[in-house]
Amino acid sequence: MIKKTKNPGKILCAAASLLILTLSFASCGNSRKAEKPVGLSEDFQKTAEITLDGKKYAANFKRGGADVWECEFTYPETIEGLKLTCSGEDCRMDFQGLTYTTSRDCIPQYGIMPLVTGSVDDVIAGRDVSCTSDGKTVTEKGIVNGEDFTAVVKNNELVSLEISRNLTVKFK
């Protein structure tokens with residue numbers, strides 16, 4: 001037989017208090033605190049090991065200002081030497097002596113270069129990112145081209161980037 005309670009609000013309040021207490025103890029082992037964005041150097045130049053949908057790539061990224069990026073692939077062999085340079089409204093592709101220039105808008109927004117460079121630009125500018133720290137690293141989260149990204153910064157250097165779980169980048 002089910003017994004009716006005179007004050008169901010007390011039971012609900014007690015259950016909520018117990019849940020909050022349990023969650024606070026569960027999170028004590030991995031203490032994180034809110035941080036301000038790190039503010040990386042605008043002169044970004046890194047080698048990157050990239051995994052996209054299980055496929056491996058390597059590239060050198062170089063930022064030449066707020067609107068200028070260069071990405072040169074070094075692996076796999078089939079695209080080694082492919083260089084993309086985006087500046088202003090234009091994007092130039094150089095590969096095996098051939099050059100092609102197009103509008104930056106024609107580059108697929110879910111490609112490696114737009115996702116990586118857009119995320120890095122947001123981290124550099126501290127634009128629309130939320131940050132937490134565990135004392136050793138700062139994790140910055142944001143959205144690029146409609147995709148969630150997580151950037152990890154250690155010793156004021158960007159060390160990794162994950163975009164929507166299908167694109168990961170390790171910077172050297």
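User: Why is C106 called exposed?
Analyst: C106 has 54% relative accessibility, so C106 counts as exposed (exposed is over 50% relative accessible area, buried under 20%, partly exposed in between; 1.4 Å probe, protein chains only). This is a predicted model, where local features need pLDDT of at least 70 and side-chain atom pairs pLDDT 80 or more, while totals for chains, interfaces and linings use all residues. Residues are numbered from 1 along each chain as its sequence is written, and side-chain values use heavy atoms, without hydrogens and water.

User: What makes C86 buried or exposed?
Analyst: Its relative accessibility is 5%, so C86 counts as buried.

User: What makes F44 and F171 an edge-to-face pair?
Analyst: Good one! Their ring centres are 5.5 Å apart and their planes stand at 90°, so the pair is edge-to-face (Phe, Tyr and Trp rings, using Trp's six-membered ring, pair with centres within 6.5 Å; planes under 30 degrees apart are stacked, over 60 edge-to-face, the rest tilted). The two residues lie 127 residues apart, F44 in the loop between β1 and β2 and F171 in strand β12.

User: How do you know whether S160 is buried or exposed?
Analyst: S160 has 16% relative accessibility, so S160 counts as buried. Its contacts (heavy atoms within 4.5 Å) include V169 and F171.

Notes:
Helices (H or I, at least four residues) and strands (E, at least two) are DSSP runs, numbered from the N terminus. Lists of a residue's contacts leave out its neighbours within four places in sequence.
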